[in-house]
Amino acid sequence: MINNKIDILNHLAAELKTTVKPAFTEFQKDQDTAMPAELRNWLVRLRLLEGVPFANLVADSELLPQESIRWFYLDRRWTDAIVQGALSVGTVNSDDRIQLEAQYAAIRAELDTEERNVRRREGDKRKMGAPGPISGFLLRSAAVSGWPGLHVRAFNVDPEEGDDARYEEDDPRRIRLLRLERLAPAVLLCLFDGIPKVVHIEEPRQGIQFGFMHEDSGSSRSAKLRPRNKTTFEYLDESGGQDIDVPFRVGSSGVVDIRRLSDALATKPNTGAADGLDSAEYALQLIRFPWRQVYGEVESPRFETVFRATIEYEKVVEATFKL
Amino acid sequence: MAVGEGKFKLYTKITPPLEAGDWRFEASQNLSASTPQGSLDEDDLRIDQEQINVRIRSPRYVLPPDQVLSTYPPANSFGSYGSRLPQVVIKRRTLPWERRLDGAPQNTPWLALVLIAEGEARLDTAVDVADCVTPGVVLDGVAEVAKGNRLVVRKSIIDKVFPTRNDVDLLAHAREVDIHDTELMMGDDDGFLAVVISNRLPVPGKTRSGESVPVKYLACLVNLEGQYNALLERSPDPVFSTRFVTERLAFTEHAAQDDHRVMGTAGARQADFNLAEGAFAPAPLASTPAAGPASRAEAMTGSASFKVKSGVAAKDGATPHKATSQWSTQDLAKATSTDISLQMAADFRIVDMIDARLLDPEYRFPVLLHWSFTTTGNTTFRSLMENLDSRLLGDVGNTPSDLSGRLPLEVVESGHVGLNHKTREGDEVRSWYRGPLVPHPTLTSTANRLDLAHSSDQLRIVIPDGREDLSLATGFEIGRLLTLSQPSIIASLMRWRQGHYHAARLKSMLVANRPLWESILGAGFEFNDLHRLGPLVGRYLVDAIVKQPELLLGEPRPKVSPGRPLEFDGRAPDVLATGLGLSADILRGGDLNLMLDNLRKVQIPMDDLIIDQVGTIGVREALEADLNTQRIDLVSNVLSNKMLDDVLTGPAFPVTETIKLDVSLDALDRILVDSIRARQLDEDEL
């Protein structure tokens, strides 16, 4: 009998090695660690500036003009301050403060990890490691209000495939979004977990869309259709040399005169309209793709061109020290 | 055949094997046989005709919500949809071709997606299905619902916005997508979808000055059954027609006729009137606007009061459309003026409703699905994105806003902004503020992080220019106020403070004795890991025991140990005999029979005294009393005095002072006392 017990003990040593769990950050969402889960969730949301009044994010409306995009880095000292303010609610006497002082390093380490995993999708790996910089942009544009559901993607490399790159959500080349939210109908806030090299902002894709290239010139409107080859799906002329003016029915706004459009298409080769347009061919000609705006470094812009202080540092120094 | 991921196939139409409705299958068999007696024909081998009635059901008045995969633009949304055609995607791939349209070529879709701008038509909800179609039109077959929705629309609007008979076929197609591509698939089950596109772009309205105004559109998936002929046969040529104006004039005329009839002046001839109507209602477009009504007026013989004023309209509202692809907003504005004229004519309709209906008749269409959305602006996503001003936050842009009445914005190179600050003393000063979003890369290493502050004043910084930098203090206050606004978070903080006080104590103990713990648990031990310290210590202890059992538990017992040596003295039969209390002679000697005989003769000693006295009471009582004393002694030696007092009472344990040992507190006593005290202390602290 005693032999068996020694076997168990010997085995236990090996067992121990396999069952000892790694780093403490591998907690579940609702598990208490350095702090209770609901508190952690709240502090992470604060860290990502949820609920912070807009005037405290952008101190003056002049800093975010209409039709502008403003890029920024997140000041971790500021987000530390907001967390400290939240924690200060729970301290009553100096005993509490000493306790908080002792725990603060653990709390901060946990928030650093957890805020990177806020938008983690089911099945993705948790992001670990030392906290890196957080960056983002504020977009104020009619594009935000007019196209609800914009897609934003960030990459930490300049994709080799060019602007058409498609990577999976958990690809290491993708930078995870920490927050993507409309603060106002026309203001979009986006936070990246890192500093992206390339950012794509794409028109929402709700299925396949049909339409035309719409032009608006002052008092009149018109639309153009760029015909496609019905077998290859390529445009007949990428540069637009074969574009067709879309005819509209007289007396009614926006109603496409399909008969005359079909006649116009029939004059172009390989559109499928010459032998009579059918509905599949018509749909094929009309398919539109979402527009993707790519931001990246074409050439490093000089800092002065992208950020111009209204007060120069030298002048402030001179005024301060009466040089 | 599967389509590849990211690809899809377009089909002109996917027609069902049978259209919706009631069907009857008839099966009949003719048998004949030849036998030796002669041949049997079908009358002899008669088989009854088999009839099977089949009903194929298909949505007719209401499209079930689970059949709709998506609508574009999204319902109730605002957006610049002016360059995209609305569409509806239906799961049932054959749905648009499941019913037959009278008068249409075979397999023409019976559905059309029409886009109605606000005010162009009326949508009535929850109407009896019989009333969902224009009076006079009867849809055979059963209705799948009792109440449906209907679109009430005038012929003039049908001519303007409904697809023509030519178009209907082109506006529905089927699509096959890869079932693994969620983006195209959108939750369908087999990858086959039917799509109905609208023929109208939801363009925003325009004011005369060229600014776009939002327009609310209603998209309706209508059933065209039985009313295919109400659609225009082909789109009108780009020649302006004065149809509205003509109608209005006719109205005027009717009203006047009515007056005449009432007043008995110029004799109004009803027969002529009806004749005129009959000519009017389906009238093709007048090619020459001015001539149309005039000629009809002449046709009404004897109508002296008939006055044609189409000339005025032709100048005012009838600027001919050019045959270009552009539709001018000026033209639109004038086209609107004809609408207004029509509205003005509405009064005349009230004079005589029947005429009004005949001239611009109302049609009703069942609406299977409807949703509305609002188009704003006419910019495209591309133009907006390409013209964005892309800079770092803090830059005021190229065109500073109107500065009337305020100082220019102070932005320094660190991104701080100068703001007015009213101090607690009431002084008006200017202070620096910088939000969490800064134009410079920030330092993120632990050394550069903010040390813990307990109040916002700790974070106020006075910089050398004499102004205060309130950025961090503001952040602190925002965090504090936001948290104070959440009672549940405050409660959580308080619970945490109470429940984790001991954890904090434990940790301080751990940190103070770090070398000790590291020697036990290994150097890499993470001190944040408090909550698992107990199990970890246990595991490490077991690990240590297993690795070096001789230090902690003593030498393990060997697997095999030798037994106690037996002492033998003399020969085996002698030893055996001695052990059994026999004389050595008995087991000696070789003869087995002799040995057994001797054994039988051995006297077994018996104690007579015991046999005599067993059963008498005296011995029993003596023994029992002795046993009790021993038992009580044993128990009282083992238990502490306190336990004796508390537990051991009653007749079984007649406790006397003599039993109690005169020892001061023993080890168990001390443990018991300590545990009680510790518990009380805990409660005090809490």
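Two strands pair if DSSP finds at least two bridges between them. Strands themselves are DSSP runs of E with at least two residues, helices are runs of H or I with at least four, and both are numbered from the N terminus. With that in hand, look at strand β19 of chain B, where V367(B) is the bridge partner of V222(B).

A word on what you are looking at. This is a predicted model, in which local features need pLDDT of at least 70, side-chain atom pairs count only at pLDDT 80 or more, and totals for chains, interfaces and linings use all residues. Residues are numbered from 1 along each chain as its sequence is written, while chains are lettered from A and ligands numbered from 1 in the order in which they are written.

Now stay with chain B. V222(B) pairs with a residue of β19(B), and 8 bridges join strand β17(B) to β19 (residues 362–375) in the antiparallel sense. Another strand, β10 (residues 111–117) of chain B, is joined to β17(B) by 7 bridges and also runs antiparallel to it. Here I116(B) has L218(B) as its bridge partner. In general, strands of a sheet pair through backbone hydrogen bonds, either parallel or antiparallel. Of the 9 residues of β17 (residues 215–223), 8 are buried, so this strand is largely enclosed by the rest of the structure.

Next, find helix α11 of chain B, residues 471–484. The expected span of a helix is 1.5 Å times one less than its number of residues. For the 14 residues of α11(B) this gives 20 Å, which agrees with the 20 Å between its end C-alpha atoms. The helix is largely enclosed by the rest of the structure, because 12 of its 14 residues are buried. Among them are L472(B), F476(B), I478(B) and L482(B). What do the buried residues of α11(B) pack against? They meet α2 (37–47), α3 (54–57) and α4 (76–88) of chain A, together with β22 (428–433), β25 (468–469) and α12 (487–499) of chain B.

That brings us to chain A, which has 10 helices and 13 strands. Of its 323 residues, 38% count as buried. Two residues are in contact if their C-beta atoms, placed from the backbone, lie within 7 Å, and by this rule 132 residues of chain A are in contact with 136 residues of chain B. On chain A's side, α4(A) gives the most, with 12 residues.

Finally, how confident is the predictor? pLDDT is its confidence in each residue, from 0 to 100. Chain B has a mean pLDDT of 72, and 66% of its residues reach 70 or more. Within chain B, confidence is highest in α11(B), at 94, and lowest in helix α7 (residues 310–316), at a mean of 35. The complex as a whole is given an ipTM of 0.77 and a pTM of 0.56.

Note on methods
A residue is buried if 20 or more other C-beta atoms lie within 10 Å of its own, exposed if 12 or fewer, and partly exposed in between; C-beta atoms are placed from the backbone. pLDDT is the predictor's confidence in each residue, from 0 to 100.
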